[in-house]
Amino acid sequence: MSSPAGPSDLSRRGLLKSGAAGIVVYSFHLPVAQAAPAPFAPNAFIRIASDGSVIFVMPQVEMGQGVYTSIAMIMAAELDADFARLVLEHAPPDEAHYANPMLGVQATGNSNSIRAFWKPLRTAGATARVMLVAAAAQQWGVDAASCTTAAGQVNHAASGRKLGYGALAARAASIKPPANVPLKDPKNFTLIGKPLKRFDTPGKVNGKAIYGIDAMPPGVKFAALAASPVFGGKVGRVDDSKAKALPGVRQVVVLDDLVAVVGDTQWAAQKGLAALAITWNEGANATIDSAQIWDDIRHASMQKGAVAKAVGDADKGLGDGDRLEAAYELPFLAHATMEPLNCTVHITPDGCEVWIGTQIMARVQSTVAQTLGLPVEKVTVHQHLLCGGFGRRLEPDMAIKAARIAQHVDGPVKVVYSREEDIQHDVYRPIYRHLLAASLKEAKINGWTHRITGSSVVARWLPAAYAKNVDFDAVDSAVDMPYAIPNFRVEYVRREPLHVPTGFWRGVGPNSNVFAIESFMDELAKKAGKDPVDFRVSLLDKTPRLKSVIQLAAQKSGWGGALPARTGRGIAAQISFASFIATVCEAEADENGNVKIRRLISVVDTGIAVNPDTVVAQLQGGLIFGLTAALYGNVTIAKGRVQQSNFHDYRMLRINDVPNIEVHVIKSGEAPGGIGETGATAGPPALGNALYAATGIRLRRLPVDRDVLAGRKQA
């Protein structure tokens, strides 16, 4: 994969340290265990010790997206800290101080870590810097305006004096924090915009990184669990005689809805679990299958929905012009994170300790406390790195299961899902059905309606945000349509799938809506007799940032150039998570329906790119993630059971399948946008449009159906 990002001109080396309390800490030249007391703590994020080290309390979690580095850059840029002496410490569960400003809860998700903390952390750093300058000016008896800062020290050029932040910390602590401090002009940024090396890379390469699954408190035992294969089922009978006879098996824990085997090692626990004879009371859900679920959602989609947004008169607009209608459908998807779900719990007479990698520290703490009947302050959560989140770790279910099992175990117990349990007991990306209709008048869109039918994750996960029967996430990237359409309406029909739990999945609403919208745009372009790029550009005079990325993507891809037979280029454009992105996919489909992706080109305007290297990496990973789902992702139900179980039947895009990926980041002075999920939403529609160009066959349902491409069945 290629990238235009150049080498970093500021490099750092670090070691991953695990503090005594279990908090993951990255330290550069100064392990946190040796850090001096911090006399200067101007806010919840910054502590400066007398030795000059800056401890940054990290409000967001690291799950591979690079926020530990990028967010630290935001704070350090305004503070003018010595980046080589920065120490990162993860925030504790504390929504009063560390709630995500865009979500109102302490959570990492929605591609908003940079967006949400851009101003708060710049303000935090700038406030501390102003206080340190005031302390130096006070000590020297000079005007603060005559002082400057750089690399962790205050300088007074006129007298040649300088003092490090550590020497000023105690005096700065006595100064009242100023209000409304000015922030730096972006042209004066020294860190932001640099492709800095990530803090977490060395530990991940040398094996010192500590993920949740690596937590090993003294005396820990291991547990493997099995839940009913049918959602909502209960334990009937358990014959554990063979399991208990196996070496290393310590006990069998039988709860109403799951069974766990506890052993000296994970292998012993897994072998013991395999030896159990479990009879399940499966309940009424055992008769449900995918066909019923789809019939139900298709029926629901024919009802009028709650209006999420309306402009002009959509019905009148549809009646004036050449009309086109289409329906698009997207399946359940599992998360299949590289690190399966896990949680370690130790219950003592004084409280409970939890070791986990989670996107929702405070919620894990409160739900475990509720499960165990403890005061919240009696539950300590030790946060670790996450080896993949994708929204799965926005749920506290694994911590709850581990806590319930730990109630029956003497000492700490680590509960780990097998890959099979992980895939078959997920909270799945909802199935969605999209009904779109549009009219064309003089090669422009005159009327547009879009009805989205599917589950509401927000109504369950953040009830206060579910308003007027509209899930804001389910309609994201549909209500903020970038194209100029005078008559426009988006509706939402909430329909929960029969018995299947749903949750956030990398992009959620946008990864569904962008596929439907951008596929439909290609169909409209054909109906209008226009080139897909030209058609889009003609509707974007009021959205110049998106127009620019489309034009550059077309240029970089050689749009319009000759291609071999059954090979095509497809484009998809979107505004998602406040980033503007256009992606061109070049793909071929042979006569047997086999698909090969030859090339991907993405151009993104994400505003100020805090760390351009991270932007490139996230788009590359997101594109692969989304294309994996487009080509293979499909969770199906039979007799109430998820049929897929591991990577043999829930496939990933393999390294030999990945094409050359070019990412071009447009330099911008706008506020930063989100990037972690943007690529995942871009890949599927670009691929679908490429296959349409290659074969003339429109795929309105994912994943890609090779039988349809080969002509063995109708779309």
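# Reading rings, strands and a buried asparagine

Guide: Arg651 lies over the face of Tyr632, at 4.1 Å from the ring centre. Keep in mind that this is a predicted model.

Visitor: Which ring does Arg701 lie over, and at what distance from the ring centre?

Guide: That one is Trp294: Arg701 lies over its face, 4.4 Å from the ring centre.

Visitor: How do I read a pair of aromatic rings?

Guide: You describe such a pair by the distance of the centres and the angle of the planes. Here there are 12 aromatic pairs by the rule used. Take Tyr328 and Phe515: their ring centres are 6.1 Å apart and their planes stand at 90°, so this pair is edge-to-face.

Visitor: Where in the chain do Tyr328 and Phe515 lie?

Guide: Look for Tyr328 in strand β15 (residues 322–330) and for Phe515 in helix α14 (residues 509–528). The two parts are 187 residues apart in sequence, so the pair ties together separate stretches of the chain. Both Tyr328 and Phe515 are buried.

Visitor: What do Trp461 and Phe504 form?

Guide: They form another edge-to-face aromatic pair, with 5.4 Å from centre to centre and 80° between the planes. Trp461 sits in helix α13 (residues 457–461), while Phe504 is in the loop between β22 (487–494) and α14. These are distant parts of the chain, 43 residues apart.

Visitor: Is Trp461 buried or exposed?

Guide: Buried means under 20% relative accessible area. Trp461 has 6%, so it counts as buried. Phe504, with 12%, is buried too.

Visitor: Let's move to helix α14. What is in contact with Asn513?

Guide: Asn513 has its place in that helix. Its relative accessible area is 0%, so this residue is buried. Setting aside neighbours within four places in sequence, its contacts include His434, His450, Ile452 and Asp476. Ala474 is also in contact with Asn513, and the backbone oxygen of Ala474 lies 2.9 Å from a polar atom of the Asn513 side chain.

Visitor: Now the strands. In what order do the 4 strands of the open sheet come?

Guide: Read across it as β23-β24-β25-β28, with mixed pairing. β23 and β28 (660–665) stand at the edges, each with a single partner strand, so one side of each has no neighbour in the sheet. From one strand to the next, the twist averages 15°.

Visitor: In which sense do β23 and β24 pair?

Guide: β23 and β24 (residues 579–589) pair in the antiparallel sense, over 10 bridges. To follow the pairing on screen, find Arg569, which stands opposite Glu586 in β24. The hairpin of these strands has 2 residues between them, and Phe577 takes a positive phi near 55° there. In the parallel sense, β25 (residues 595–605) pairs with β28 over 6 bridges. Ser602 has Val663 in β28 as its bridge partner.

Visitor: What packs on the sheet?

Guide: Helix α18 (residues 678–695) does, touching β23, β24 and β25. Its direction makes about 150° with that of β23.

Visitor: How many of the residues in β23 are buried?

Guide: In β23 (residues 567–576), 10 of its 10 residues are buried. Both faces are covered: one side includes Arg569 and Ile571, the other includes Gly570 and Gln574.

Conventions
Residues are numbered from 1 along each chain as its sequence is written. This is a predicted model: local features need pLDDT of at least 70, side-chain atom pairs count only at pLDDT 80 or more; totals for chains, interfaces and linings use all residues. Side-chain values use heavy atoms; hydrogens and water are left out. Rings of Phe, Tyr and Trp (its six-membered ring) pair if their centres lie within 6.5 Å; planes under 30 degrees apart count as stacked, over 60 as edge-to-face and the rest as tilted. Buried means under 20% relative accessible area, exposed over 50%, partly exposed in between (1.4 Å probe, protein chains only). A charge sits over a ring if NZ of Lys or CZ of Arg is within 6 Å of the ring centre and within 35 degrees of the ring normal. Two strands pair if DSSP finds at least two bridges between them. A polar contact is a pair of N or O atoms within 3.5 Å; within protein, one must be able to donate a hydrogen and the other to accept it, and residues adjacent in sequence count only if both atoms are side-chain atoms. Contact means heavy atoms within 4.5 Å. Axes are lines fitted to C-alpha atoms, for helices over the stretch in contact, and angles run from 0 to 180 degrees between N-to-C directions.
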